[in-house]
Amino acid sequence: MNGELAALLNERSIGIADSPVDSRALAALLDRIEDGTLSGKMAKEVFAHMADTESDVDTIIESKGLRQITDSTQLEQTIDAVLENHPDQIRQYREGNRKVFGYLMGQIMKATDGKANPGQVSELLRDKLG
């Protein structure tokens with residue numbers, strides 16, 4: 001988040017003391033990354049809203065629906081649906097084409113509007129592909 005904060009300050013030609021996102025708000029945002037509520041990408045979006053509206057982290061997360069999906073059952077259902085629609089890629093992966101894993105990850109992330117926990121999806125997908 002240092003990069004986003006520095007970019008904001010530079011863009012607005014202001015010093016850290018004049019930042020619209022204070023240290024408490026930034027700490028709360030980092031807590032939401034740490035506890036798995038937000039991915040790094042989602043956190044950047046929340047940070048931008050914080051800078052523009054000065055709303056608190058949790059209000060933005062709820063109003064924008066930016067909660068990361070970590071429910072294993074829900075993720076497995078999504079992975080199963082994607083795999084069902086991509087039998088050729090499954091075959092290619094099992095034949096040794098590891099690049100297709102990234103494609104499948106992308107399809108799963110797309111199906112969840114980027115809200116799935118990527119680490120968790122990667123682990124579940126590897127298990128399913130064998």
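1. A word on terms to begin with: helices (H or I, at least four residues) and strands (E, at least two) are DSSP runs, numbered from the N terminus. On that basis, Asp113 is found in the loop between helix H7 (99–111) and helix H8 (118–129). Asp113 is not a glycine, yet has a positive phi of about 55°. At 66% relative accessibility, Asp113 counts as exposed; here buried means under 20% relative accessible area, exposed over 50%, and partly exposed in between (1.4 Å probe, protein chains only).

2. Some ground rules for reading the rest. This is a predicted model, in which local features need pLDDT of at least 70 and side-chain atom pairs count only at pLDDT 80 or more, while totals for chains, interfaces and linings use all residues. Residues are numbered from 1 along each chain as its sequence is written, and side-chain values use heavy atoms, with hydrogens and water left out.

3. Ser13 sits in the loop between H1 and H2, and its phi is near 50°, a positive value in a residue other than glycine. With a relative accessible area of 67%, Ser13 is exposed.

4. Ser19 lies in the loop between helix H1 (2–12) and helix H2 (23–34). Is Ser19 buried or exposed? Ser19 is buried, with a relative accessible area of 12%. Leaving aside neighbours within four places in sequence, Ser19 is in contact with Leu5, Leu8, Leu9 and Ile14, where contact means heavy atoms within 4.5 Å.

5. Next comes Leu26, a residue of helix H2. Leu26 counts as buried at 16% relative accessibility. Beyond its neighbours within four places in sequence, Leu26 is in contact with Met1, Leu5, Val21, Phe47 and Met50. The C-alpha atoms of Leu26 and Asn2 are separated by 9.8 Å, with the two residues 24 apart along the chain.

6. Phe47 belongs to helix H3 and is buried, with a relative accessible area of 4%. Not counting residues up to four places away in sequence, Phe47 touches Met1, Glu4, Leu5, Leu8, Val21, Leu26 and Leu29. For a view across the model, Phe47 and Tyr103 are 56 residues apart in sequence and 29 Å apart in space, C-alpha to C-alpha.

7. Now to helix packing. Helix H3 (residues 40–53) and helix H4 (residues 57–64) pack at an angle of about 115°, with their axes 10 Å apart. Axes are lines fitted to C-alpha atoms, for helices over the stretch in contact, and angles run from 0 to 180 degrees between N-to-C directions. H3 and H4 are therefore roughly perpendicular to each other; angles under 35 degrees count as roughly parallel, over 145 as roughly antiparallel, 65 to 115 as roughly perpendicular and the rest as oblique.

8. Which residues bring H3 and H4 together? Val46, His49, Met50 and Thr53 in H3 meet Val57, Ile60, Ile61 and Lys64 in H4. By class, the contact of H3 with H4 has five nonpolar, two polar and one charged residues. For these classes, Ala, Val, Leu, Ile, Met, Phe, Trp, Tyr, Cys and Pro count as nonpolar, Asp, Glu, Lys and Arg as charged, and the others, Gly among them, as polar.

9. H4 also packs against H2, at an angle of about 50° and with the axes 9 Å apart. H2 and H4 are therefore oblique to each other. Ala25, Ala28, Leu29 and Arg32 of H2 make the contact with Val57, Asp58 and Ile61 of H4. By class, the contact of H2 with H4 has five nonpolar, no polar and two charged residues.

10. Ile79 is placed in helix H5 (residues 72–84) and is buried, with a relative accessible area of 0%. Apart from neighbours within four places in sequence, Ile79 is in contact with Ile108, Val121, Leu124, Leu125 and Lys128. From C-alpha to C-alpha, Ile79 and Leu124 are 8.1 Å apart in space, and they are 45 residues apart in sequence.

11. Last, the aromatic rings. A search of the whole structure finds one aromatic pair. The rings of Tyr93 and Phe101 have their centres 5.9 Å apart and their planes at 40°, so the pair is tilted. Rings of Phe, Tyr and Trp (its six-membered ring) pair if their centres lie within 6.5 Å, and planes under 30 degrees apart count as stacked, over 60 as edge-to-face and the rest as tilted. Both Tyr93 and Phe101 are buried.
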